[in-house]
Amino acid sequence: MQLFAEAGYHAATNALIAEAAGLTRGAMLYHFPTREDLVAAAIEHIHNARLALFDAAARPPPGVDATAHAIGAYWTLLGQPPFVAFAELEAVARTDAMVRERLGSAQAAFDQAQVAAFSALAQAGAGPRFQASRDLARFLLEGLARGNLAYDRDVRVRNLLAIVDRAVRMLNRKGDVQELWLE
């Protein structure tokens, strides 16, 4: 997982993975005879690590606004190794059929976990408005995490996180309709 997150999928060769795991190449090949077997096991491990972090972060402390917590917690998670490694695999899956095939069920399972956690957390209902608010927040945050903001990163991130918060509240009908921009 760490190698996928730090070096990338293609740089994480079987030999480097064996070395990082403290295994001889032969021992690793005994457990994972093919790259496909290794990738399948890595995806399962990364997926389980993401779910564990997500489940732990999904519970806001007492007295904390649930919507703000959900957005802030997910933003923080996107920088953690399991999330970075999974994003790397998603990027690879665009052009690698084997990775795409093996990643699909983990993507679907995580999406379902988010629906359950965020519906309770953001205290929104079901239906298309909630789905839109969840998708808007999720995909904007994921895109922002993967983006390369070359200047004024902190200010731009802070502005975008505030807009995501306001848009989610508007879609969930928490308060009056208002301008998305804060000024």
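Trainee: In what order do the elements of the protein run from the N terminus on?

Mentor: They run α-α-α-α-α-α-α-α-α, and the secondary structure comes to nine helices and zero strands. Helices (H or I, at least four residues) and strands (E, at least two) are DSSP runs, numbered from the N terminus. Keep in mind that this is a predicted model, where local features need pLDDT of at least 70, side-chain atom pairs count only at pLDDT 80 or more, and totals for chains, interfaces and linings use all residues. Residues are numbered from 1 along each chain as its sequence is written, and side-chain values use heavy atoms, with hydrogens and water left out.

Trainee: What share of the 183 residues counts as buried?

Mentor: Buried means under 20% relative accessible area, with a 1.4 Å probe and protein chains only. Here 37% of the 183 residues count as buried.

Trainee: Which residues does His-47 touch?

Mentor: Contact means heavy atoms within 4.5 Å. Not counting residues up to four places away in sequence, His-47 touches Ala-106, Ala-109 and Phe-110. Ala-106 is 59 residues from His-47 along the chain, and their C-alpha atoms are separated by 6.2 Å. For the protein as a whole, among contacts between residues at least 6 apart in sequence, 63% join residues at least 24 apart.

Trainee: Next, pockets. How much space lies in the largest pocket?

Mentor: On a 1 Å grid over the protein atoms alone, a pocket is an open set of points where a 1.4 Å probe fits, with protein on both sides within 12 Å along at least five of seven lines; lining residues have an atom within 4 Å of a point. A volume is the space filled by probe spheres set on the points, which are joined across faces, edges and corners. In the largest pocket that is about 290 Å³.

Trainee: Which residues lie nearest the centre of the largest pocket?

Mentor: Of its 14 lining residues, these are Met-1, Ile-17, Ala-21, Leu-38 and Ala-42. Helices H1 (2-6), H2 (14-21) and H4 (35-57) each supply at least two residues of the lining, and H4 gives the most, with four.

Trainee: How does that lining divide by class?

Mentor: Ala, Val, Leu, Ile, Met, Phe, Trp, Tyr, Cys and Pro count as nonpolar, Asp, Glu, Lys and Arg as charged, and the others, Gly among them, as polar. The lining of the largest pocket has twelve nonpolar, two polar and no charged residues.

Definitions and conventions:
Buried < 20%, exposed > 50% of the residue type's maximum accessible area, 1.4 Å probe, protein only.
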